[in-house]
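Subject: Structure handover

Dear colleague,

I am passing on the structure below, together with a short account of what was found in it. Please have it open while you read the notes that follow.

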Amino acid sequence: MKSSSRPQSATSLPRAPRDDVDARSTRYLATMALRVVCFILMVVITPYGWYTWVFGAAAIFLPYIAVVLANVGQEARRNRREDPERALPAVPTTPLGPHSGSVIRVEEAPAIGERPADPTSDGEGHDSGSTDGTA
């Protein structure tokens with residue numbers, strides 16, 4: 001399940017399925033009405049010419065176009081993705097403190113009974129800061 005710190009906005013919700021079906025039905029009926037008009041104009045308008053062929057081609061191909069347009073839902077048209085980076089500020093709004101940007105070193109305290117570690121030692125008893133060339 002997707003969790004979000006913000007509630008989902010009502011304007012970002014997808015269209016209700018009932019409304020989507022109504023819109024697709026309206027598109028289909030409008031395209032088919034245009035097909036009927038093209039068919040009537042093809043027969044009625046005389047003298048016949050190049051426009052007769054245009055009306056005939058429209059009457060033939062508009063059913064295919066109407067079905068394709070009716071099957072395309074609203075989600076396929078609107079290809080809007082939310083960019084999570086857009087909601088984040090570019091720079092932090094509050095500073096991290098007086099040591100912001102500096103290196104913080106943390107050293108462990110020696111256990112009871114151990115001798116404190118020599119800062120020039122590599123931890124195995126070898127002196128890493130010797131000048132004689134031996135390590």
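Is Trp-50 buried or exposed? Trp-50 is exposed, because its relative accessible area is 65%, where buried means under 20% relative accessible area, exposed over 50% and partly exposed in between, with a 1.4 Å probe and protein chains only.

Before going further, please keep in mind that this is a predicted model, in which local features need pLDDT of at least 70 and side-chain atom pairs count only at pLDDT 80 or more, while totals for chains, interfaces and linings use all residues. Residues are numbered from 1 along each chain as its sequence is written, and side-chain values use heavy atoms, with hydrogens and water left out.

As for the overall picture, the chain has four helices and zero strands, where helices (H or I, at least four residues) and strands (E, at least two) are DSSP runs numbered from the N terminus. Of its 135 residues, 9% count as buried. The accessible surface comes to about 12300 Å², and 61% of that belongs to carbon and sulfur atoms; these areas come from the Shrake-Rupley method with a 1.4 Å probe, and for residues only the protein chains shown count as cover. Among contacts (heavy atoms within 4.5 Å) between residues at least 6 apart in sequence, 59% join residues at least 24 apart.

Helix H1 covers residues 17-44, and its 28 residues reach 41 Å from the first C-alpha to the last, close to the 40 Å expected at 1.5 Å a residue, the expected span being 1.5 Å times one less than the number of residues. The buried residues of H1 are Asp-20, Arg-27, Thr-31, Met-32 and Cys-38.

The partners are Arg-24 and Asp-20, whose closest N and O atoms are 3.9 Å apart, and both lie in helix H1, four residues apart, which is about one turn of the helix. Asp-20 is buried because its relative accessible area is 16%, whereas Arg-24 counts as partly exposed because its relative accessibility is 23%.

Leu-34 and Pro-63 are 29 residues apart in sequence, and their C-alpha atoms are 9.8 Å apart in space.

Turning to the surface, Ile-60, Phe-61, Tyr-64, Ile-65, Val-68 and Leu-69 form a nonpolar patch with about 610 Å² of accessible area together. Patches are made of residues with over 30% relative accessible area and no salt bridge, like charges being joined within 9 Å and nonpolar side chains (Val, Leu, Ile, Met, Phe, Trp, Tyr) within 5 Å. Val-68 belongs to helix H2, residues 50-71, and counts as partly exposed at 37% relative accessibility.

Tyr-51 is partly exposed, with a relative accessible area of 25%.

Methods. A salt bridge is a side-chain nitrogen of Lys or Arg within 4 Å of a carboxyl oxygen of Asp or Glu.
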